[in-house]
Amino acid sequence: MIRKITYSLGRHVSTVACGTTQVRRFLHGAYFKIQPSVQEALMEGRPVVALESTIITHGMTYPQNLSMAREVEEIVTTNGAVPATVGILRGQIHVGLTDEELEFLASSKNVVKVSRRDLPYVLSQGLSGGTTVSGTMIAAHKAGIPVFVTGGIGGVHRGGENTLDVSADLTELGRTPVAVVSAGVKSILDIGRTLEYLETQGVCVAAFGESREFPAFFSRQSGFQAPYHVRDEEEAAELIASALGLGLSSGVLIAVPCPQERAASGQVIEEAIQQALSKARSKGITGKELTPFILQMLNELTDGKSLDSSILLLKAGGWGGGSTPVYFIYLLI
Ligand code: PSU
Ligand code: MN
């Protein structure tokens with residue numbers, strides 16, 4: 001019996017490993033689909049911006065998540081680029097979602113939060129999922145999309161030196177050549193260690209604008225300096241172009257500080273973060289549930305202020321006023 005299983009498994013694995021047809025099957029069919037409007041834009045060399053979906057499936061509730069997702073896509077469209085929200089529907093990675101597909105992801109209860117390690121299981125089981133920064137970078141790269149915009153990326157969790165809870169977003173940035181534009185890292189995380197880890201992974205991190213201060217999503221200050229800063233869109237585009245042109249195979253992180261007037265009061269959020277963290281500790285929440293739990297607690301503790309502010313930042317802050325990432329890609333093509 002055991003022999004038989006080993007035999008069939010062995011045969012199966014070697015078919016997968018040596019059959020290029022399996023790879024083709026992946027790229028052109030069963031597991032991977034590029035929406036026609038996105039495909040067309042890519043073929044014609046028009047700018048495409050990738051967007052993640054964990055924020056839709058695990059960051060907010062229905063129907064607020066749906067309207068946020070639609071609005072963000074609209075901003076990309078208004079600025080002359082094509083939005084490609086990445087998500088997984090019934091075992092197939094979708095690069096670009098129709099409105100029905102967006103609605104399905106936003107309203108489904110049984111969706112998985114999908115980072116690199118989750119992909120094989122979710123695809124092989126035909127499940128649906130929201131892709132994290134890590135999962136979205138993989139899909140964007142496979143589709144040939146060089147720029148991806150999000151709110152806050154994952155990082156080293158506070159206490160990560162003991163728990164080893166380090167987001168796969170950071171290793172992904174070290175191994176996948178995509179430029180991620182974000183409003184930095186929320187101080188629910190250990191920002192200092194996150195920056196150290198990004199250095200270890202060889203990720204070129206640059207703050208956007210006049211200051212080298214690395215932004216903390218809700219606030220323009222984190223107390224930590226980014227190794228570099230790019231003063232404007234042109235410098236950012238040059239940076240991305242040199243990283244991708246060199247074939248470094250690692251990603252770039254451009255951190256755009258939120259506009260001052262949009263930031264929720266830093267002190268209020270900081271106190272709520274402390275409370276949320278101790279609640280997570282006392283409830284024993286760990287692993288992939290930790291980030292969604294803290295974000296939800298944060299929202300409750302600030303009477304929705306942290307979420308309002310997150311949405312505003314997604315729409316404006318992380319976007320450097322709306323057009324920044326689009327401009328990056330115009331300069332790249
Ligand atoms: N940080 C936020 N909001 C988020 C996330 C992170 O401020 O919604 C999401 C992103 O999709 C990110 C993921 O890629 O959580 C990281 O999760 P983890 O810490 O489990 O790697
Ligand atoms: Mn984690």
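Biologist: In which loop does proline 63 lie?

Modeller: Helices here are DSSP runs of H or I with at least four residues, and strands are runs of E with at least two, both numbered from the N terminus; proline 63 lies in the loop between helix H4 (54-59) and helix H5 (64-78). This is a predicted model, in which local features need pLDDT of at least 70 and side-chain atom pairs count only at pLDDT 80 or more, while totals for chains, interfaces and linings use all residues. Residues are numbered from 1 along each chain as its sequence is written, and chains are lettered from A and ligands numbered from 1 in the order in which they are written.

Biologist: What kind of peptide bond joins tyrosine 62 and proline 63?

Modeller: The bond between tyrosine 62 and proline 63 is cis, with omega at about 5°.

Biologist: Where is arginine 90 found, and is arginine 90 buried or exposed?

Modeller: By C-beta atoms placed from the backbone, a residue is buried if 20 or more others lie within 10 Å of its own, exposed if 12 or fewer, and partly exposed in between. Arginine 90, in the loop between strand S3 (82-89) and strand S4 (92-95), is exposed, with 12 other C-beta atoms within 10 Å. Its phi is near 45°, a positive value in a residue other than glycine.
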